[in-house]
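Got your viewer open and ready? Let's take a walk through this one together, selecting one spot after another.

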Amino acid sequence: MKRISILLILVGLSFSCSDNFFDLKPQGKASLEQLSNKNGVNALLIGAYSLVDGVGAGNTGRQSTISNYVFGGISSDDAVKGTDAGDQPEQSFIEQYNWLADNTYFLGKWWHSYDGVARCNEVIQIVSSPDVKDMTDAEKKQVVAEARFLRGHYHFEAKKMWGKVPFIDETIYDRENPNSTKVPNTEDIWGKIEADFAFAAENLPATQAQKGRATKWAAKSYLAKAMVFQKKWAPAKVILEEVIQNSGKRLVANYHDNYRTAGNNNAESIFEVQFSVNDGTTGNNGNAGDNLNWPYSATAPGRGCCGFYQPSHNLVNAFKTKDGVPMIGAAADGSADTYNQVDLPNDQGIAASATFALDKSIPVDPRLDWTVGRRGVNFLDWGPMPGAVWIRDQAYAGPFTGKKWMYYLAEENSSTHSTSKRNVNNNYRLLKLSHVILWLAECEAELGNLAKAEEYVNMIRVRAKTGSVQDPTVNYQVEPYPAGTFASKGAAYAINAVRMEQRLEFAMEGHRFFDLVRWGIAEKVLNKYAAEEAVPGKEPSGRTFNKRSYMTGKTFTAKNSVFPLPQDEILNSQKDGQPTLVQNTGY
């Protein structure tokens, strides 16, 4: 005890004339001084990029994954939740249009969107400071442009989710003042999102040495997408034409090359979310946000977990063709379509141990079998998909599994996979030239230029026709629309054809719900879908089978065009005793 007392006295004497002993810098936290240089700025920018995959904002990752499989997929007619009835009930509520403001999925998505915005604002604030002396003005401007591109992306994600959301820029955000971001959500923020993408397009290079960084063409494509969402057809058309003519991008020969690791960052890609594995980090750098969306079998890709996100019968039926083109009618909302009147033969209700021979004679678009796993059809290089043995609960969720994010058996133990088997580096292609082409087709159709709309749609269909196929024993028939079809059948048919092409081309990629909403047809389409999924299906042979009976009585109403703001965030937005965030109508 005496030795300890003497030591304490000596320490006290040593520091008695100075307060510096108590001026301790926090551990594990970078100071503004440390970050105010080129290396610090770049580290912050990488941190802003790191959230683009949707993982890392304090939630489960599934709630904000870049694929938007919950909000853009299972909320639509493309997919069902999958797995079994008791698993992840929060997703079941979303699938069945029972949207409550306390659903943790909405909260997780909000956290992610505005965490991303905050990181972008910190980049802009610090790089713009005079304290950063080892960067040129040109270097600083490019960093700001990349940060504004990312800020536009995060705000876009929030805008399409909730409609009424606040825009937080670097003049508002103050890291030392928690109340600084408590601003109203009553302003339409489309103009500010456009401004971010426009600045990025003006100040970013056409190409980047590092894959995954935003470019001029990524910014222009995203700016045009924002305009398309607002039905600003004419200005969007100008930008989209510029991307097609000058970006140097081209459609790859085979559709499936956009959905495999070997096709990462290919000639069609405009902006990809980079996934990596075995990179020396302990983080979730692969497709961690989608790590439940694998077949429920140890004999399948992913090796045993978890059966979420399964394609719907409606989506599968949409790939049927007649004379090589979709079975659609002359109503822009799809109400005259005939593809879902009879179901494509499948093994719903047929045990994996039972004899089953798939009728492969019915003509289908080859993109079906690059998108959906179905019994009796080759599943990449795994052999024929075996049916119910790969499905967690076929009676509940149906007989199909998703395919676009799956890997080849030959790749399983290569550098493209982590030891978990469900964490792979198959990038998510957020912006592709095929998106640009079909947005341009949409602009032309809406502007009454039906021949041009047909030309762009046929560019996509020709690729589907001439590309590789998954199973040569299936009757694949896909043809471009005969010249003059759109003009002869009218504008409503042309618009419907463009919308159907977008569904087929990008199925299971998380876009469908948001497309239905921006087209103004979500209520009609999804109520029709729910009613048809709730009753037994029927094959051409006359065999009937149960579909998704849990959709009985489920109704999509006008309020469901946007999701409810998280209740916790409304409570947290209080300033001077009043919330600054206003809930969406009906919630």
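**Stop 1: two helices side by side**

Select residues 38-50, helix H3, and residues 137-162, helix H7: they pack at an angle of about 20°, and their axes are 10 Å apart. That angle makes H3 roughly parallel to H7. H3 passes H7 in a left-handed crossing. Now show the side chains: from H3, Lys38, Val41, Leu45, Ala48 and Tyr49 make the contact, and from H7 it is Glu139, Val143, Glu146, Ala147, Leu150 and Tyr154. Sorted by class, this contact of H3 with H7 has eight nonpolar, no polar and three charged residues.

A few words to keep handy:

- Helices (H or I, at least four residues) and strands (E, at least two) are DSSP runs, numbered from the N terminus.
- Axes are lines fitted to C-alpha atoms, for helices over the stretch in contact, and angles run from 0 to 180 degrees between N-to-C directions.
- Angles under 35 degrees count as roughly parallel, over 145 as roughly antiparallel, 65 to 115 as roughly perpendicular, and the rest as oblique.
- A crossing is left-handed if the near helix is turned anticlockwise from the far one by less than a right angle, and right-handed if clockwise.
- Contact means heavy atoms within 4.5 Å.
- Nonpolar covers Ala, Val, Leu, Ile, Met, Phe, Trp, Tyr, Cys and Pro; charged covers Asp, Glu, Lys and Arg; the others, Gly among them, are polar.

What you're looking at is a predicted model, where local features need pLDDT of at least 70, side-chain atom pairs count only at pLDDT 80 or more, and totals for chains, interfaces and linings use all residues. Residues are numbered from 1 along each chain as its sequence is written, and side-chain values use heavy atoms, with hydrogens and water left out.

**Stop 2: zoom out**

Show the whole chain: it has 20 helices and 12 strands. Its radius of gyration (taken over C-alpha atoms) is 26 Å, close to the 25 Å that the globule rule gives for 587 residues, so the chain is as compact as a globular protein of that length. That rule is 2.2 Å times the number of residues to the power 0.38. Along the principal axes, the C-alpha atoms fill a box of roughly 95 × 60 × 50 Å.

How many of the 587 residues count as buried? The share is 58%, where buried means under 20% relative accessible area, exposed over 50%, and partly exposed in between (1.4 Å probe, protein chains only). Among contacts between residues at least 6 apart in sequence, 72% join residues at least 24 apart.

**Stop 3: H9 meets H14**

Next, select helix H9 (216-229) and helix H14 (433-446), whose axes come within 11 Å and cross at roughly 35°. The crossing of H9 and H14 is left-handed. Ser221, Lys225 and Val228 in H9 meet Val436, Trp439, Glu442 and Cys443 in H14. That contact has four nonpolar, one polar and two charged residues.

Stay on Lys225: is this residue buried or exposed? At 4% relative accessibility, Lys225 counts as buried. Leaving aside neighbours within four places in sequence, Lys225 is in contact with Phe156 and Trp439.

**Stop 4: H18 and H19**

Select helix H18 (512-519) and helix H19 (522-534): their axes come within 8 Å and cross at roughly 130°. H18 and H19 are therefore oblique to each other. Arg512, Phe513, Leu516 and Val517 of H18 touch Ala522, Val525 and Leu526 of H19. Here the classes come out as six nonpolar, no polar and one charged.

**Stop 5: a few loops**

Pick Thr83, in the loop between strand S1 (79-82) and helix H5 (89-95). Phi of Thr83 is near 50°, a positive value in a residue other than glycine. Thr83 counts as buried, at 0% relative accessibility.

Now jump to Asp323, in the loop between strand S4 (321-322) and strand S5 (325-326). Asp323 has a positive phi too, near 55°, and is exposed, with a relative accessible area of 68%.

Which peptide bond is cis? Select Cys305 and Cys306: the bond from Cys305 to Cys306 is cis, with omega near 10°. Cys306 lies in the loop between strand S2 (269-273) and strand S3 (308-311).

Asn179 is partly exposed, at 31% relative accessible area. Not counting residues up to four places away in sequence, Asn179 touches Gln574 and Lys575.
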